[in-house]
Amino acid sequence: MADDHVASLVDAVEPEVIKWRHHFHEFPELSNREYETADYIAKYLRSLNLDVTTGVAKTGVVAILDSGKPGPVVALRADMDALPVKEENDLPFKSVQTGEYKGETVPVMHACGHDTHMAMLMGAAKVLVQMKDQLRGKVKFIFQPAEEGAPPGEKGGAEVMVAEGVLKNPDVDVIFGLHISANRDVDTVMYNSGGVMAAVDPFKIVIKGKQAHGAYPWKSVDPIVTAAQMVMSLQTIVSREVKVIDNAAVVTVGSIHGGNRSNIIPAEVELIGTIRTLNKKARDLMYEAMPRKVKGIAESMGAEAELTLPLDYSYPITYNDPELMAKMLPTIQSTAGKENAIQDKPVTGAEDFSFFQEKVPGLYLWVGGKPKDVPENESPAHHTPEFYVEDSGMKLGVKLLTNLTLDYMHQ
C-alpha cells in the first residue's frame, strides 16, 4: 500500500516533474516526429543508470530498471506526441512551435496532456530508482510515440511498438497507464473495470450509381439518395440491433463527397465514418450488420456499394482486466484517498494503449488535472486551443505509477 516514504520522495521530485512538463509543453512535436523529446527523455533516463533503448517504433524510448531480484516485469507507459493545434493560453511556457503535417506548416501544441504523462513517468522512474531495494523483478518504462495516430502513409504508436517486441525481452507481466483529464478535479483518479474506452473502426463506403441530368432523375441510379438512405439505415444498427441496456455503440458518418453541380446527378458518392464499441459482442455485431445494411440499401436502389472496414487503422477496446482491477483497487484507493477514487463510466473515445492490453493484462486510469475552482462545464476540452491542466495534478499520477508498481510486485 501507499506509505509516507513514497509520498516524501514524490514531494521531493515534484519540482523536477513540473520543470519537465513545462519543457515538453513549450517544445511539442507531432506524431512520429518526437526526436528532440525522445533525446531529452533518454538523456535523463541514462542519468538514472537505466538500460535505455531508443528508436523503438521510430522515436520511442524504453528503459529497464532491474532490481536484481526475481519477480514480475511491470511496464509503465506514457505517450509523447502533440497535436496540430495553435495554443491560445497565456502561459510562460506557451507553445509557439510549428511542424509539418500533410505537407503544410502547422502550429503544434500539447493539447491532450501528453506533456504531463511524460513528466509523471519520468518522476516515477526517479522514485522507483531511489526505492530499488524494495523492488522485486523489473520495471519497463515505455515512452510511446504517435498515440494520436501516425501521419498519412506511415505507421506508428503502440501497435508498432508491440510488433517490434516492446513487451518482450524481458516479457512484461502487467502494464499500467494514466491519462490526465482537464475536466476532473486535481487529486482525483477515475477508474473502471472492463471496457473503459472504445474500439475504433473507421470505414469507407463507395456508392456507384448512374450519372444523369438533374432534370431527368428517372434516367439515373442516384447515389446521393442512396447515400442518404444508407446514413439513416446505419443508425438503426445501434437503435434497433444493439442491446443498448448492456452495450454502447456509435456509428458516425463524418464525411460525404459526391457531385459538383446542382443539375447533375453524379455517378459516385463516398462516405467515410467511424464505429465505436465497448465490448466484443457489440463490435462483432457491427462487423456483421454493416455489410448487410450497405448491400441491402444499395441493391434496393439499383446501385452498387463497396464497403471497406476497417479503413486504414483500427484500435481494440481499451480493456481493464477485471481481475487485475480488483487486485489493484486497494492501491488506487489508498493512494488517492478512498473519497477521491471515483468509479467512472466508459467513454467512446479510443486509446492505442489497448494494443498493449491485447497482449498482457493492463489498467488505464484517468487522473484529474482541472483546477478545483473551475466548474466542470467551464473547463476546456481536450484537443482544443484552450486545453489546460494544472501542474499540481501530476503529483497523484507519480504516486499512482509508483504504488501500482510496488504493490503489484509484492502481491
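Biologist: In which loop is Pro-170 found?
Modeller: This is a predicted model, in which local features need pLDDT of at least 70, side-chain atom pairs count only at pLDDT 80 or more, and totals for chains, interfaces and linings use all residues. Residues are numbered from 1 along each chain as its sequence is written, and side-chain values use heavy atoms, with hydrogens and water left out. Helices (H or I, at least four residues) and strands (E, at least two) are DSSP runs numbered from the N terminus. On that numbering, Pro-170 is found in the loop between helix H4 (158-163) and strand E7 (174-185).

Biologist: Is the peptide bond from Asn-169 to Pro-170 cis or trans?
Modeller: Most peptide bonds are trans. From Asn-169 to Pro-170, omega is near 0°. That bond is cis.

Biologist: What is omega of the cis bond that joins Leu-309 and Pro-310?
Modeller: Pro-310 is in the loop between strand E15 (304-308) and strand E16 (318-320). The cis peptide bond from Leu-309 to Pro-310 has an omega of about -5°.

Biologist: Asn-32 has a positive phi; is the residue buried or exposed?
Modeller: Asn-32 lies in the loop between H1 and H2, and its phi is about 65° although it is not a glycine. Buried means under 20% relative accessible area, exposed over 50%, and partly exposed in between (1.4 Å probe, protein chains only). At 1% relative accessibility, Asn-32 counts as buried.

Biologist: And Asn-49, buried or exposed?
Modeller: Asn-49 is found in the loop between H2 and strand E1 (51-56). Its phi is near 65°, a positive value in a residue other than glycine. With a relative accessibility of 70%, Asn-49 is exposed.

Biologist: How is H1 oriented relative to H2?
Modeller: Helix H1 (residues 4-26) packs on helix H2 (residues 35-47) at about 160°, with axes 11 Å apart. Axes are lines fitted to C-alpha atoms, for helices over the stretch in contact (heavy atoms within 4.5 Å), and angles run from 0 to 180 degrees between N-to-C directions. Angles under 35 degrees count as roughly parallel, over 145 as roughly antiparallel, 65 to 115 as roughly perpendicular and the rest as oblique. H1 is therefore, relative to H2, roughly antiparallel.

Biologist: Which residues of H2 make the contact?
Modeller: H1 contributes Glu-16, Lys-19, Trp-20, His-23 and Phe-24. From H2 come Thr-37, Tyr-40, Ile-41 and Tyr-44.

Biologist: What separates the C-alpha atoms of Asp-90 and Glu-386?
Modeller: Asp-90 lies in the loop between strand E3 (73-79) and strand E4 (98-101), and is exposed at 77% relative accessible area. Asp-90 and Glu-386 are 296 residues apart along the chain, while their C-alpha atoms are separated by 9.5 Å.
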